[in-house]
Amino acid sequence: MFDFSPVVESLDDVPEPYRGLYAEKDGAFHLDESLAQKLDVSGLTSALEKERKAAREAEKALKAWRALGESPEDVAAKLAEAADPAPARGAALQAKDPELARL
């Protein structure tokens with residue numbers, strides 16, 4: 001890799017891909033002072049870590065659901081039935097005795 005000198009006399013001393021990082025000042029070429037800010041990826045790194053943590057937690061939750069052996073649709077249906085058991089109870093009564101279910 002290229003060793004970035006803070007000041008060079010000529011851009012000929014700098015490989016072509018890196019010449020844009022230098023600006024002419026006082027007859028010499030100086031490494032861009034705001035380069036460190038431009039290359040700061042700490043925000044990206046922290047966002048990546050947060051996303052990786054969220055993915056690990058989601059994977060753990062998914063494994064817990066899979067351990068139950070039921071699909072999310074089955075669980076949702078059971079939750080809906082538990083929240084409002086009347087329709088299921090009415091169907092069961094009608095199957096046993098249509099006269100009782102009418103009441």
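This is a predicted model: local features need pLDDT of at least 70, side-chain atom pairs count only at pLDDT 80 or more; totals for chains, interfaces and linings use all residues.

**Entry 1: the strands**

Strand S2 (residues 22-25) runs antiparallel to strand S3 (residues 28-31), and I find four bridges between the pair. Next I checked who faces whom. Glutamate 24 has phenylalanine 29 in S3 as its bridge partner, and lysine 25 sits opposite alanine 28 in S3.

Then I stepped back to see the sheet these strands belong to. It is an open sheet of three strands, ordered S1-S3-S2, with antiparallel pairing. Which strands are at the edges? They are strand S1 (7-8) and S2, each of which pairs on one side only.

**Entry 2: the turn**

I followed the chain from S2 into S3 and found a hairpin, with two residues between the strands.

Is aspartate 26 buried or exposed? I looked up its relative accessible area and got 74%. Exposed means over 50%, so aspartate 26 counts as exposed.

**Entry 3: the salt bridges**

How many salt bridges does the structure hold? I count two, and I took them one at a time.

One joins arginine 19 to glutamate 16, with the closest N and O atoms 2.9 Å apart. I also checked how accessible the partners are. Arginine 19 comes out at 26% relative accessibility, so I note it as partly exposed. Glutamate 16 reaches 56% and therefore goes down as exposed.

The other salt bridge brings together the side chains of glutamate 49 and arginine 52, at 3.6 Å from N to O. Where do these two lie? I find both in helix H2 (residues 42-68), three residues apart, or about one turn of the helix. Glutamate 49 has a relative accessible area of 40%, so it is partly exposed.

**Entry 4: for the next look**

One is aspartate 26 in the hairpin turn, with its positive phi of about 55°. The other is helix H2, where glutamate 49 and arginine 52 lie three residues apart.

Definitions and conventions: Residues are numbered from 1 along each chain as its sequence is written. Side-chain values use heavy atoms; hydrogens and water are left out. A salt bridge is a side-chain nitrogen of Lys or Arg within 4 Å of a carboxyl oxygen of Asp or Glu. Buried means under 20% relative accessible area, exposed over 50%, partly exposed in between (1.4 Å probe, protein chains only). Two strands pair if DSSP finds at least two bridges between them.
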